[in-house]
Amino acid sequence: MRAVFVAIIVAFAVSLFGTPLAIRAFTRLKAGQPIRSDGPQMHQTKKGTPTMGGVVFIVSTVIAYVAGHIALITLPKAQIGQVRPTITGLVLLGLFVFCGAVGFIDDFLKVRKRNSEGLKERGKLLGQLIVGVVFGVIAIWPIDAFKSTNQQTVASTKLSFIRDIDWLELGRIGAIIVFVLVILAASNGVNLTDGLDGLATGASFMVLSAYAFIGFWQYRHWCADPAYKSGYCYVVRDPLEIAMIGAAAAAACVGFLWWNAYPARIFMGDTGALGLGGLVGGLAVSTRTTLLLPILGALFVIVTMSVIIQRISYKTTGKRVFRMSPLQHHFELVGWSEVNIVIRFWIIAGIGVAVALGIFYADFLSAVS
């Protein structure tokens, strides 16, 4: 527990006090956010606001992860093979950093070209695909150099909901495909939800906090823990590592939100949105809760579906269902204020998280009773 608290404090402090430094640095570099000419006109006032702020909470989380492990080393008793950095940490932080790197390239091109056309859609998807495949192989293939305490891989070859569904065996290739699809869906879902001050940051905080809770709960009821005597336990790998990274990233989002809330002094950009989505997808597969993710990330699903519906409708009938997609921009054009949209969307995100955690805990209660 000490390691998780240390990671939270360090991530929050580095993000909170590091963001103003990033604002000044990106302002000097003239890394201002270009605004779409066909977007809501009220967004034109945001032109020039520093972007690529996702670098701050990604770096904060990595620093917090190191600090958390230093705290583990100082414990008088080793924590069941969790003291050293693990392959789970490599996969989760790797997804966070390299999905963020794909977004950074997109942001850099936007700033350099001085327009909203950054990396082409195919190029962005290709980058996400490569990252997903590389870390999918690492997560699913049993590599002798990264053997765990309970001989588990980071991700499972079975499809999961609250835990692995035994009869849904995918095989390694099928599991890698599912892994990649989850990363693509999550990273693009968060990216589409971004666009209003603080919206994606606040929603991501809720989802990451939920995964921190799930990871810690699994650690307290872990099948690999010889001290745990109950018959009901979770077959996962490195749950303390999952809790630490989820909690650190959530805390880093809070520190960043101080400066990203309306009116935002810095945007996370695709750097932050794709990075957060990659991490969320990684947390889903590593906690064996893949099919719980659409409920936990209900807001991301709703916003993504609004874009899909809009595109299908326009291509097939020539008509638009929404005034503009993603959905948050539709409500802007309807007349809702930006703050109202953000708060109401946060409520939706919170409901999704509450329902998902309720399902997760209800499964535990039904089993132990």
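A disulfide is a pair of cysteine sulfur atoms within 2.5 Å. The structure here holds one. This is a predicted model: local features need pLDDT of at least 70, side-chain atom pairs count only at pLDDT 80 or more, and totals for chains, interfaces and linings use all residues. Residues are numbered from 1 along each chain as its sequence is written, and side-chain values use heavy atoms, with hydrogens and water left out.

**Cysteines**

- The disulfide joins Cys 223 to Cys 233, with 2.0 Å from S to S.
- This link of Cys 223 and Cys 233 is right-handed, with 95° about the S-S bond.
- Both Cys 223 and Cys 233 sit in the loop between helix H6 (199-220) and H7, ten residues apart. Helices are DSSP runs of H or I with at least four residues, and strands are runs of E with at least two; they are numbered from the N terminus.
- Cys 233 is buried because its relative accessible area is 19%. Buried means under 20% relative accessible area, exposed means over 50%, and partly exposed lies in between (1.4 Å probe, protein chains only).
- Cys 223 has a relative accessible area of 33%, so Cys 223 is partly exposed.
- Cys 99 is in no disulfide; the nearest cysteine sulfur, that of Cys 253, is 15 Å away. Cys 99 counts as buried, at 1% relative accessibility.
- Cys 253 is in no disulfide either. Cys 253 is buried, with a relative accessible area of 1%.

**Nonpolar core**

- The largest nonpolar core has 102 residues. Such a core is a set of buried Ala, Val, Leu, Ile, Met, Phe, Trp, Tyr and Cys residues joined through side-chain atoms within 4.5 Å.
- Helix H7 (residues 239-260) gives the most to this core, with 14 residues.
- Residues with the most contacts inside the core include Phe 57, Phe 179, Leu 208 and Phe 345. Contact means heavy atoms within 4.5 Å.
- Leu 208 touches residues including Gly 246, Cys 253, Leu 276 and Leu 283, not counting residues up to four places away in sequence.

**Surface patch**

- Helix H4 (121-140) and helix H5 (171-193) each supply at least two residues of the patch. H4 gives the most, with six residues.
- Val 134 lies in helix H4. Val 134 counts as partly exposed because its relative accessibility is 42%.
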